[in-house]
Amino acid sequence: MKTLESKSLTERQGGVKFCLTEEGLEIARNVIGVLRSRNELPPDDEQLFSDFERRHQENTADRQNSTTSSTLLERAESYDAGVLPPIPPTMPDGRQRNDSVETMQNRRIQSRPAVLNRSSSAGVAFSRQSSAAAATDIELEDLIHYPESEYDIVLIVDNREVHSTADRGLIERELESHGIAIEIRPLTVGDYLWIARAKPTSIYKGLPDIVLDYVVERKRMDDLCASIRDGRYREQHARIHSTGFTNVFYIVEGNDPDAVSRLGEAAVNSAMSRIQISHGFHLKCPASFESTLRLLRQTTKVLQSALKDIYAIPDVFIGMKGFADMKKGLQLRFPLVHLAMSFDAYDVVSNKSGSLSTGEIYLRMLMTLRGMSADKVLTVGSHYQTPTQLLNELRDTEDGDKSIGELVVGGTCRKIGPALGKRLSQFWTAESFSASL
């Protein structure tokens, strides 16, 4: 069994329970076929395999007959690798699409003024207003339409995503060896995502790369524990939601008993429950990095076979805030359409600071100080609403740090405290900084 697992033909399901991978299942079918041709398959095994094939065909037929978003989500877990099939859209009113080449060319010409090419992201003028303000003004003909036969799907891997520093090319080699088109880019949200790129021979050649509604966030167990401890866990989840992704795979890879015990098993279990219940992410816990690569391969193949027409929201309609709300509103108006955005738009709406106001940046600066919790930051921010007000209080008032220490945290009887008030004073008035702050 260890040999089969090392060759990615089986994977552990917990304890001593194993199941076949897609590659393992294909080899098993070939072996059964050979034994049948020689009349060497025992009757019991013949019955067992026939029952399995019948159930597998019924499940496949159910998948093909189901076309609604809710049914696709319900059957997502039935895939061996846990991949989530995409929504196969038709027209928003339910009619089947029957576009002629002439119609597609006209739509391409109409859409071109609203989009950018892949090299022009620096020149795009994304609105600083809320995206949601433009949602009611967008009609179907305003969207960029990619018919299913006009694009290729490419897996994008974050350039910081490496299996080990000793072998940085492992991911690329493993995926490309299975015929997966991949590209290494810096990603602001997620570690892996998929884009649709117009085929070189397509009439849509030159239109921008379109980010599909699927993203993968991968963490080792020790990294998950560290992110919970330092606050990255919440911040990353908030940014995923703000980017508007609705199909999020959250991979927690392997196990690290030492990291779990240091943080507390209850805290880890609580965080993993929130990933699924509060955030609505699809939590996967593969035992190894090889299992993660298998998940990526199989998800890519499902997208390639099941994804139909794609509609991208033009960049001119996308603001630095409120994109998730705008997309949700559009999805309600066009429920059968697979909505996406350009890679340039993804960079803008997922940027850590590009959509933040001055006030939000100010509060985040306060949050970096050791000992400053969210409620204490809000208390200081409500009394000193700008950095200038806080700085003036600390510089111009003899006991400015004591005044801050006397502030009562909202909704409690606790005070900021003299030690934290002094630390905050040192942080804002010092000419140089040390790690002790």
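Strands β11 (residues 310–313) and β13 run parallel, joined by four bridges. Within this pairing, A312 sits opposite A340 of β13. The model is predicted. β13 also pairs with β8, this time in the antiparallel sense.

**Strand β13 and its partners**
- β13 covers residues 338–342.
- Five of its five residues are buried, leaving the strand mostly covered.
- Strand β8 spans residues 210–220 and meets β13 over two bridges.
- V211 has M341 of β13 as its bridge partner.
- In a regular strand, side chains alternate between the two faces of the sheet.

- Where does D209 lie? D209 is in the loop that links β7 (192–198) to β8.
- Is D209 buried or exposed? D209 counts as buried because its relative accessibility is 2%, and the cut-off for buried is under 20%.
- The side chain of D209 makes a polar contact with the side chain of R185. The distance is 2.6 Å.

**The chain overall**
- The chain has 437 residues, and 43% of them are buried.
- Its secondary structure comprises 18 helices and 13 strands.
- Among contacts with a separation of 6 or more, 73% are between residues 24 or more positions apart.

Note on methods. Residues numbered from 1 in each chain as written. Predicted model: local features only at pLDDT ≥ 70, side-chain atom pairs only at ≥ 80, totals over all residues. Heavy atoms only, no water. Buried < 20%, exposed > 50% of the residue type's maximum accessible area, 1.4 Å probe, protein only. Pairing = 2+ DSSP bridges. Contact = heavy atoms within 4.5 Å. Polar contact = N/O pair within 3.5 Å; in protein donor to acceptor, adjacent residues only side chain to side chain.
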